[in-house]
Amino acid sequence: MAVALDEAEFALPDVPIGALVLDPDGEIIGRGHNERETTGDPTAHAEVLALRAAAAQVGEWRLTGCTLVVTLEPCTMCAGAIVLARIERLIFGAYDEKAGAVGSLWDVVRDRRLNHRPQVFGGVMADEAGARLRDFFSGHRS
């Protein structure tokens, strides 16, 4: 999670969220940070970009056995992408009570109607992840 928090710093001036994909041996095979503001792409969330990078590294869309580490609870789009990519484990930092789709508002990744459900470990280094987001947003509100 500490590496994902470092990755989040590259997102600035966007919301500082960072994500990593680890292969089954624990090696980083994909990195991403929010780029919506810098690219104008509404899908440029940290998780999606990390999944894209990992899929390119592996050479296919199935990321079986891989772990996604992200500093904030994924939204519905990212939760769907995690399921579709067949991520084995999801580790996230701060909970997102406004848009979280891994338990806060919805629980997309553990929906029994879907064909894949990753293991979920939430709240990892949540204080650190939450503090970075609060600091960011305190500078953007009047």
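How exposed is Asp111, in relative accessible area? Asp111 has a relative accessible area of 21%, so it is partly exposed. The term covers values between buried (under 20% relative accessible area) and exposed (over 50%), computed with a 1.4 Å probe and protein chains only.

The model is predicted: local features need pLDDT of at least 70, side-chain atom pairs count only at pLDDT 80 or more, and totals for chains, interfaces and linings use all residues. Residues are numbered from 1 along each chain as its sequence is written, and side-chain values use heavy atoms, with hydrogens and water left out.

**View A. Salt bridge between Arg113 and Asp111.** The N to O distance between the two side chains is 2.6 Å. A salt bridge is a side-chain nitrogen of Lys or Arg within 4 Å of a carboxyl oxygen of Asp or Glu. Arg113 counts as exposed because its relative accessibility is 74%. By this rule there are five salt bridges.

**View B. Salt bridge between Arg110 and Asp107.** Here N and O are 2.9 Å apart. Arg110 has 36% relative accessibility and therefore counts as partly exposed. Asp107, at 31%, is partly exposed too.

**View C. Salt bridge between Arg62 and Glu60.** The side chains meet at 3.4 Å, N to O. Arg62 is partly exposed because its relative accessible area is 41%. For Glu60 the value is 38%, so this residue is also partly exposed.

**View D. Asp96, a buried residue without a salt bridge.** Asp96 is in the loop between β4 (89–94) and β5. Strands (E, at least two residues) and helices (H or I, at least four) are DSSP runs, numbered from the N terminus. The nearest side chain of opposite charge is that of Lys98, 7.3 Å away; Lys and Arg count as positive and Asp and Glu as negative, while His and the chain ends are not counted. The Asp96 side chain reaches the backbone nitrogen of Ala99 at 3.1 Å. Beyond its neighbours within four places in sequence, Asp96 is in contact (heavy atoms within 4.5 Å) with Leu72, Glu73 and Ser104.

**View E. Nonpolar surface patch of Phe121, Val124 and Met125.** Together the three residues have about 220 Å² of accessible area, by the Shrake-Rupley method with a 1.4 Å probe, where only the protein chains shown count as cover for residues. Patch residues have over 30% relative accessible area and no salt bridge; nonpolar side chains (Val, Leu, Ile, Met, Phe, Trp, Tyr) are joined within 5 Å, and like charges within 9 Å. Val124 lies in the loop between β5 (119–121) and α5 (126–138). Its relative accessibility is 31%, so Val124 counts as partly exposed.

Key
A polar contact is a pair of N or O atoms within 3.5 Å; within protein, one must be able to donate a hydrogen and the other to accept it, and residues adjacent in sequence count only if both atoms are side-chain atoms.
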